[in-house]
Amino acid sequence: MPTLVSARKKAASGRNGRSGPELIFGDLWPYDPAPETADPKLKPRYELFINGEFVAPKGGKYFDSINPANEQKLAKIALAGAADVDAAYRAARRAYETVWSRMPGRERSKYLFRIARLLQDRAREFAVAETMDGGKPIKESRDFDVPMAAAHFFYHAGWADKLEYVAPGRGVAPLGVVGQVIPWNFPLLMLAWKIAPALAMGNCVVLKPAETTSITALKFAEILQDAELPPGVVNFVTGAGETGAAVMGHPLAAKVAFTGSTEVGKIIMRSLAGTGKKMTMELGGKAANIVFDDAPINQAVEGIVNGIFFNQGHVCCAGSRLLVHEPVAGEILAKLKNRLKVLRVGDPLDKNTDIGAINSREQLAKIHELVDSGVKEGAALFQPPCRLPAKGFYFPPTLFSEVTMSHRIASEEIFGPVLSILTFRTVDEAIEKANNTAYGLSAGVWTDKGSRILKMSTELKAGVVWANTYNKFDPASPFGGYKESGFGREGGRQGLLDYAKLI
Amino acid sequence: MVCDLMKAGQSASLRKLFDEIGPVDCVGIEERVAKYATRSIKKVAKVWGLKTAVSMLDLTTLEGKDTPGKVASLCRKALRPSDDPAVPSVAAVCVYPSMVRHAKKHVAGTSVKVASVATAFPSGQAPLKTRLAEVRAAVADGADEIDMVINRGAFLEGEFGEVQDEISAVVEACGAAALKVILEVSELETYDNIRAASFLAMEVIRAGDFIKTSTGKTSLNATLGNNQVMIEAIRDFYLDTGVAIGMKPAGGIRTAKQSLQFLIAIKETLGDAWLTNKRYRFGASSLLNDLLRQLEKEKTGAYQAPYYFSEATESY
């Protein structure tokens, strides 16, 4: 007779509340530092990029861009005022009327292919610049941000000469000049998401990068010059909120596209109401990552970690609310704790770093504030022991268990490496809890049962539902939200149509 | 009739076990192990990893043409892989049963163990009685460790009880010798099956025994993916029962770089307690010279020509 598991299980004391067997994640084999050493080729000062040239801001003002990993200054960035934004729009309008909208799609396509290839050629340099400017681990900028940005240009280059097929039975035409404002979490990738479809459709662009992460956009302008993109087709104006408001509110903007917080999105929509401008909004999220008891648990744990700690949790679709089926809640929490012990927090330029620096002092303060609220409201906090660098903005990976729907950390977007864990008992309860939020950007479902995946993806009010995986992106796959996570799609045919008028 | 019912009962309870241990998601496993391959191991960490990998080797020769002479040269290489005294001996030499007594002559009294494949390796297609007799003979000749193969036919037929009973019988025949249970993962095909077979074996073997990926005689051998499925099974079993089972990937690991990736998987999944040859082994032969070459390179800054390293180990 084979011995069954039960006899030995009783021998282990873990289940009875006494401490059971533990794994040791110690210092037996520490990894040596493995810094990425490619030269990011930064300039000490970056100007505005208007009409194909780098020009000084009319107000003559500059602000500093710092490296969040060590708080050192990286470069001076030009501060664009209303007059600069206006010059950018005029250049874009001129380019739109005289060159870009008249150019056959197959010619536009060649520019997009060229941009994609030039970006690939300089991939390492861009990855290092992105990591220094934003704080994300080099392995992510190297393996995700830069290759995906190039992939978006390749994908849309393929569309540019096939636009007659993008809306079957209808023709499409460009809108004109589009104003775009992008966030600091994926600076280069969000730029690609915005610019590539706009250009493929024949629009011209005025884009404002986030104030803390302008550098890769301005380096990208060098690529546009190398690609000999006609002057004015793409213009970059840098600055903070005021510059953004000028970009969104300019009368020459036929459409505005915004990715950022729900709060700012609402302000923009209020100010643009009645102007007739088309809008696309990609705003915040508080995604539910739902794990059923029949899921592949070890891979689910990996997916949960990937869902919340990718890019320090600075991801609008981060799986920040974990909903766990009660029968496996204890097991998953225990496994997550062990997994967190081997996450490496530290210098973003080290190739072995899993969690890099928080993007800014302000964001770090916001994370601290929300984590403190979680502790005060009675949730159970877990942080693995880890040494954080003395300088720079860092936050350890954090789990909150015993969270309920009324906790602030269960409803507000933290935008940091903080996971709130809630439990559920039935499928209906999971759906209800997942949808009980103002947001609706993304969700994850982990189960071995195919029919349940289909049911969940129908019932969940989220723009993207990942099944047995998380944070998967592809240029061909539309991305966007429900409810206060915004509207409009980016990527795929749907994303392209958001930059067109149907005729 | 009664016997049939009992058999059905056994299989039903084992199926329940499979439900309990849960499924494996293939895409998730591949994604996890891809991250090990991006780890960058430099300088001191690299040298430590390379030396540790040497100390975990089961230096293997499993060929029809093996002779006492070939085994002798393998044993000398096992005892002293390099002129550099800082390079440790390997963990064991792994040979066919008929070569055990020859191997034993050379390594007796040293830290190097003699491991013998048995149970009609690699197919296992012999009567149980014959397979057990082979195990006993190898142990009697001085084998410290036995590498057995599971009955994959019975597993794929759903006769899980039979598979487990046979492993139990081999445990008994081993006596004091340690046992390594070869799942032959490429014949089990799916990660679900590999996880299930791992538990099946771990239920009946002893703390300090091993589960092992493959014989090295089929098309696909050890990969980071099936290594990960098995070490996660070992981890889950350990956390549940407190019984620490060892792991041995075998076949297909030829470069030092690969072996470091397997060690990274161990460090980040099972932790420091498994970074020892008591709980982790590599079944390989040509790997050794690449490890030595890399160690030499770390020391001198230059790669040496292959003919600087003695060739005792050209087989799998």
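This is a predicted model: local features need pLDDT of at least 70, side-chain atom pairs count only at pLDDT 80 or more; totals for chains, interfaces and linings use all residues.
I looked up the second largest pocket and noted a volume of about 1100 Å³, the volume being the space filled by probe spheres set on grid points joined across faces, edges and corners. A pocket here is an open set of points, on a 1 Å grid over the protein atoms alone, where a 1.4 Å probe fits, with protein on both sides within 12 Å along at least five of seven lines; lining residues have an atom within 4 Å of a point.

Residues are numbered from 1 along each chain as its sequence is written, chains are lettered from A, and side-chain values use heavy atoms, without hydrogens and water.

By class the lining holds 17 nonpolar, 13 polar and 8 charged residues; Ala, Val, Leu, Ile, Met, Phe, Trp, Tyr, Cys and Pro count as nonpolar, Asp, Glu, Lys and Arg as charged, and the others, Gly among them, as polar. H9(A) gives the largest share, 6 residues. Helices (H or I, at least four residues) and strands (E, at least two) are DSSP runs numbered from the N terminus. I also noted that domain 1 (45-283 + 485-502) and domain 2 (285-467) of chain A each contribute at least three residues to the lining, with bounds from an automatic or database domain assignment.
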